[in-house]
Amino acid sequence: MAAAASVEQDFQSYLARYRAEHADDVLVVDEAVSSDQDITAVVAALAREGRHPLTYFERVEGLSTPVATNVFASRERIARLFGVAPTGLHEAYQARARKLLVPRVVASGPVCDVVQEDGLDLRTLPLLRHFETDRAPYITNAILIAEHPDTGAGNMSYHRSMLHSPTEIATSLHSRGDLWRLLQLAIERGRPLPVAMVIGAHPLFMLAGSARVPYGTDERHVAGGLLGATMEVVRTPHHCITVPAAAGIVLEGVIDPAAKVDEGPFGEFTGYSSDRSTNNLLRVQTIMRRHSPILVDIVGGNSAEHLNLARIPREAEMVEKLKQRFPSVTALHYPNSGTHFHAYVALKQMRPGEARQVMLGLMGWDPYLKTVIAVDPDVDVTRDEDVLWALATHFQPHRDLLIVDGLPGSALDPSASGVGTTSRMGLDATRGADFHGVRAKISGRASERAEAILRRR
Ligand SMILES: Cc1cc2nc3c(=O)[nH]c(=O)nc-3n(C[C@H](O)[C@H](O)[C@H](O)COP(=O)(O)O)c2cc1C
């Protein structure tokens, strides 16, 4: 049996270990900061300097908890969760995500330190305002768990969550994923949808929250696979939804299918403040929390953290699918510059038209994509400059561009239609069989001499 207790399952243990092992990758801010935008501003200022440390704020005015943020801002840090280098991340993620591990229900755990069902006041929770343009304070690390009414399979997904009243939260299901499907089922059956909101858990549980698995797979089992251990869970008091026993804070309640409330605007992954919302209302019935939780916040907007958290599971799934169907594919990357709307794919094209077919595959599978650029394998898809150089020198618009229109896309794309339809384009920047350019080259000996000169400086 896997010794579950020996594998860390909570954020506190993760943070303590990470601080001990990688002190140079953790920034501790010990002076008091405001809960009104200071945290977003510090992370944005660091990013402008090209720095993405895990950032820990010891004192936040008005909050009784410290705040940890930017956990997912660096690919290297995410790769360390799997014990690999960033180049091995996709494979390591898929290997663990496939090993589904059923959680073990335990009677109690740290999240049961305080269980409150009467006299609830959500204003006692640690809440941050992230942007000047946000309507109100938001919980950005809200993983909603809902169970299928017939099978009990649990779905986990992130939903921006705004304080609406002392006992209610306004939220949005605009990505119209599996939680939205479960809500449609609840509407058909004329029942409220029970949910549990997990705020603050081990980073591998958080990655499972954005996993893309077939509808019906219990994503708590994916979390176990990612953790590499049987996850210990407790049942919530009203609806018996199983949640991590080691979570920081859990809210339990129901999404009222009939209620529509104002929600947004909120600073979104596009870099724009968006009020496109499904305007749902979550009535909270229980607050469960540790005695001393840490608020684990997700930096909003088009921050590296927000983009990476959604992107790593998406890229890992897509690159595996693509390589299975198209063995010529060598690499895939979604650049931060394109939010979730751009992808770069490298392939060793064996026959004319193959790059187009690969791009169409990607555009068909990923509903968020708008632009795919295909390049040869010698182009480093992780570098915008290299891909744009290939586009500049290999691509002829009249010949190498394909556009498909009228597809469902992200409703948050401010350039998409109000109902979220979009067009997609594929740009074939592979050289192709008739390309006759000769790369300007520097000899190996000259390069060695240059390196030696620079080493002596
Ligand atoms: C940090 C973060 C915040 C997100 N916020 C929202 C949100 O507010 N509303 C939404 O519908 N999707 C949001 N998403 C996307 C969903 O969580 C994601 O698409 C999810 O994995 C869908 O899963 P599902 O198909 O299992 O429901 C967010 C994703 C991340 C990583």
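Two strands are said to pair if DSSP finds at least two bridges between them. With that term in place, I would like to present this structure, which is a predicted model. I shall go through the sheets, then the domains, the ligand, and a few individual residues.

S1 and strand S2, residues 54–57, are joined by 4 bridges and pair in the parallel sense. Within this pair, Val 28 has Tyr 56 of S2 opposite to it. The two strands belong to an open sheet of 4 strands, whose order is S1-S2-S3-S18 and whose pairing is mixed. Strand S1 (26–29) and strand S18 (295–297) each have a single partner strand, so these two stand at the edges and one side of each is left without a neighbour in the sheet. From one strand to the next, the twist averages 20°.

The next sheet is also open and has 5 strands, in the order S19-S20-S21-S23-S22, again with mixed pairing. Which strands stand at its edges? They are strand S19 (329–333) and S22; each has a single partner strand, so one side of each lacks a neighbour in the sheet. On average, and with direction ignored, neighbouring strands here are turned by 20° against each other.

We may look at the pairs inside this sheet in turn. Strand S20, residues 342–347, runs parallel to S21, and 5 bridges join them; Ala 346 stands opposite Val 375 in S21. Strand S21, residues 371–375, pairs in the parallel sense with strand S23, residues 421–428, over 4 bridges. In that pair, Ala 374 has Asp 428 of S23 as its bridge partner.

Strand S4, residues 104–105, and strand S12, residues 232–235, run parallel and are joined by 2 bridges. Arg 104 has Glu 232 in S12 as its bridge partner. S12 also pairs with strand S13, residues 242–244, this time in the antiparallel sense over 3 bridges. The bridge partner of Val 234 in S13 is Val 243. S12 and S13 form a hairpin, with 6 residues between them. In the turn of this hairpin lies Cys 240, whose phi is positive, at about 55°. Is Cys 240 buried, exposed or partly exposed? Cys 240 counts as partly exposed because 14 C-beta neighbours lie inside 10 Å.

I turn now to the division of the protein chain. The assignment gives domain 1, covering 78–298, and domain 2, covering 326–428. Taken over C-alpha atoms, the centres of the two domains are separated by 31 Å. Where the domains meet, 8 residues of domain 1 are in contact with 6 residues of domain 2. The domain 1 side of this contact consists of 2 nonpolar, 4 polar and 2 charged residues.

The model also contains a ligand, and 17 residues surround the ligand. The closest are Ser 157, Tyr 158, Arg 160, Ser 175 and Gly 177. At least two residues of the shell come from each of three elements: strand S8 (154–158), helix H5 (178–188) and helix H8 (304–325). By class, the shell holds 6 nonpolar, 9 polar and 2 charged residues.

Finally, I would draw attention to three places in loops. Asn 70 is located between strand S3 (67–69) and helix H3 (75–81). Asn 70 is not a glycine, yet its phi is positive, near 70°. Asn 70 counts as buried because it has 26 C-beta neighbours inside 10 Å.

Leu 125 occupies the loop between strand S5 (114–116) and strand S6 (138–139). Leu 125 likewise counts as buried, since 21 C-beta neighbours lie inside 10 Å. In sequence, Leu 125 and Leu 63 are 62 residues apart; in space, C-alpha to C-alpha, they are 8.1 Å apart.

Which form does the peptide bond from Gly 264 to Pro 265 take, cis or trans? The bond is cis, with omega near 5°. Thank you for your attention.

Terms used: Residues are numbered from 1 along each chain as its sequence is written. This is a predicted model: local features need pLDDT of at least 70, side-chain atom pairs count only at pLDDT 80 or more; totals for chains, interfaces and linings use all residues. A residue is near a molecule or strand if its C-beta atom, placed from the backbone, lies within 6 Å of it. Ala, Val, Leu, Ile, Met, Phe, Trp, Tyr, Cys and Pro count as nonpolar, Asp, Glu, Lys and Arg as charged, and the others, Gly among them, as polar. Axes are lines fitted to C-alpha atoms, for helices over the stretch in contact, and angles run from 0 to 180 degrees between N-to-C directions. A residue is buried if 20 or more other C-beta atoms lie within 10 Å of its own, exposed if 12 or fewer, and partly exposed in between; C-beta atoms are placed from the backbone. Domain bounds come from an automatic or database domain assignment. Two residues are in contact if their C-beta atoms, placed from the backbone, lie within 7 Å.
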